[in-house]
Amino acid sequence: MTSHHILIQPSGREFAAEADETVLAAAMRAGITLPHGCRNGACGSCKGRVLRGSVLQGEHAPAALSPEEQGQGLALFCCARARSELVIEVRVADALDGVVPRRMPARIEHIEWAARDVAILSLRLPASETLNFRAGQYVDFILPDGVRRSYSIASLPGADGPIEFHIRHMPGGTFTDALFGLHGPAVQERGILRLEGPLGSFYLREAALEPIVLLASGTGFAPVKAIAETIFAKGLNRDDPRSGRRARSVVLYWGGRTLADLYLDALPRRWQQEQANFRYVPVLSEPDAPAAADAPDAAAAPHAWNGRTGLVHHAVMEDLPDLSGHQVYACGVPVMVQSAHRDFVAVCGLNEANFFSDAFVSRADLALAQALLDDPGPP
Ligand SMILES: Cc1cc2nc3c(=O)[nH]c(=O)nc-3n(C[C@H](O)[C@H](O)[C@H](O)COP(=O)(O)OP(=O)(O)OC[C@H]3O[C@@H](n4cnc5c(N)ncnc54)[C@H](O)[C@@H]3O)c2cc1C
Ligand code: FES
């Protein structure tokens, strides 16, 4: 089979891609991690420039790569295949060098129902397996028919004990309907799941010096929890007199519709008591909304909320109108991540290279993007 040589600028790294594999998959096979998130053409994280040669760009959402950008030589490497030798321009995630995702089985040790629509899964790997990952990364669950679903790791890298995932129910969804017992083969304690990982280039840049803004919506808290716990475990939020390194301040904004969406609210409140230079700002967009009709406490009056309200990324902009000297780590629903990226860069002066994110793109988002692509528009 034909393979094409690919040179990455400015790093000078090289690898070969088979004609039938994407540029991203070929790089990962060679142990080189290019930026990526959904690997589905929906989030735009893998966007880079083709400096020389040509690619066959696969299906993707126009929001991730517009026709204009394509005309300017940009490509989404998660769904682009090389048609010739290539020189591409993209930032390599050096800290992930040599991280080649592996497949492994895992046993579901425990399921905690953290909210009406959120389950916390604790998975145990076989004694012979380890998952070397960076805080913020995710794995794919490979379902029996080969279908994949991505979930961010919520626990601390290298910790003994089970690996934790926070999973929100998406009604009508293949995996989460099975997890929440609605239909499909039940996902239960002591069951076995097949994983592939670690994946993603959303991870904590530990050597940087900037203050950190953590931004999460819903179960986007999962990788943010892993990142926060890594910061605390490594003491990055404290001055280090031995090395002279100054503390990085950390502020977490966690948004949901109602308080029930902040399913581990007590945890960041505790961090705020225990940790230096850490602040927690919960933000609710509809604090007075009644609980869903099928919720166990649907009849109960909504809790009085005297905290912040509105869109979670707006709360960041109100408090930190100048983000030029910050790093932002954002995770959750695509609309929140995209709005934060756009507004933080355009309005608050955030350096684009200091915005790190994972958007929880689902099949509903992919279907919507496809429908927009197919829509011929007004006659
Ligand atoms: C990098 C990454 C990390 C993620 N991490 C997490 C995480 O930590 N926690 C978390 O909760 N989620 C996470 N997600 C989202 C997760 O991967 C799944 O998308 C989600 O759990 C739904 O899976 P499912 O099989 O239940 O639903 P799916 O079967 O994928 O369906 C999702 C929704 O789309 C609807 N749908 C399906 N097909 C169509 C169609 N053709 N047209 C219109 N609507 C349709 C379904 O009814 C359902 O409501 C992450 C996603 C990514 C990309
Ligand atoms: S669009 Fe390529 S990784 Fe999401």
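Reader: So touching, or contact, means heavy atoms within 4.5 Å. Which residues does His-169 touch, not counting residues up to four places away in sequence?

Author: His-169 touches Asp-117, Thr-176, Asp-177, Phe-180 and Leu-182. Before we go on, this is a predicted model, where local features need pLDDT of at least 70, side-chain atom pairs count only at pLDDT 80 or more, and totals for chains, interfaces and linings use all residues. Residues are numbered from 1 along each chain as its sequence is written, chains are lettered from A and ligands numbered from 1 in the order in which they are written, and side-chain values use heavy atoms, leaving out hydrogens and water.

Reader: Thanks! And where is His-169 found?

Author: Look in the loop between β12 (163-168) and α3 (174-179). Those labels come from DSSP runs numbered from the N terminus: helices are H or I with at least four residues, strands are E with at least two.

Reader: Is His-169 buried or exposed?

Author: Buried, because its relative accessible area is 14%, and buried means under 20% (exposed is over 50%, partly exposed in between, with a 1.4 Å probe and protein chains only).

Reader: What joins the side chains of His-169 and Asp-177?

Author: A polar contact of 2.7 Å. That term is for a pair of N or O atoms within 3.5 Å; within protein, one must be able to donate a hydrogen and the other to accept it, and residues adjacent in sequence count only if both atoms are side-chain atoms.

Reader: New topic: sheets. What is the order in the open sheet of five strands?

Author: The order is β2-β1-β7-β3-β5, and the pairing is mixed. Two strands pair if DSSP finds at least two bridges between them. At the edges stand β2 (14-18) and β5 (74-76), each with a single partner strand, so one side of each has no neighbour in the sheet.

Reader: How do β1 and β2 run?

Author: They run antiparallel, and five bridges join β1 (residues 3-9) to β2.

Reader: How many bridges join β16 to β17?

Author: Two, and the strands run parallel. Val-283 has Arg-308 in β17 as its bridge partner.

Reader: Which residues of α6 are buried?

Author: Val-312, His-313, Ala-315, Val-316 and Met-317. They pack against several elements, including α7 and β14 (212-217).

Reader: At what angle do α6 and α7 cross?

Author: The axes of α6 (residues 312-319) and α7 (residues 334-346) cross at roughly 25° and come within 9 Å.

Reader: Last one: how many residues lie between β10 and β11 in their hairpin?

Author: Five, and Gly-146 in the turn has a positive phi of about 85°. The strands, β10 (residues 138-142) and β11 (residues 148-152), pair in the antiparallel sense over five bridges, and Ile-142 stands opposite Arg-148 in β11.

Technical notes: Axes fitted to C-alpha atoms, helices over the stretch in contact; angles between N-to-C directions.
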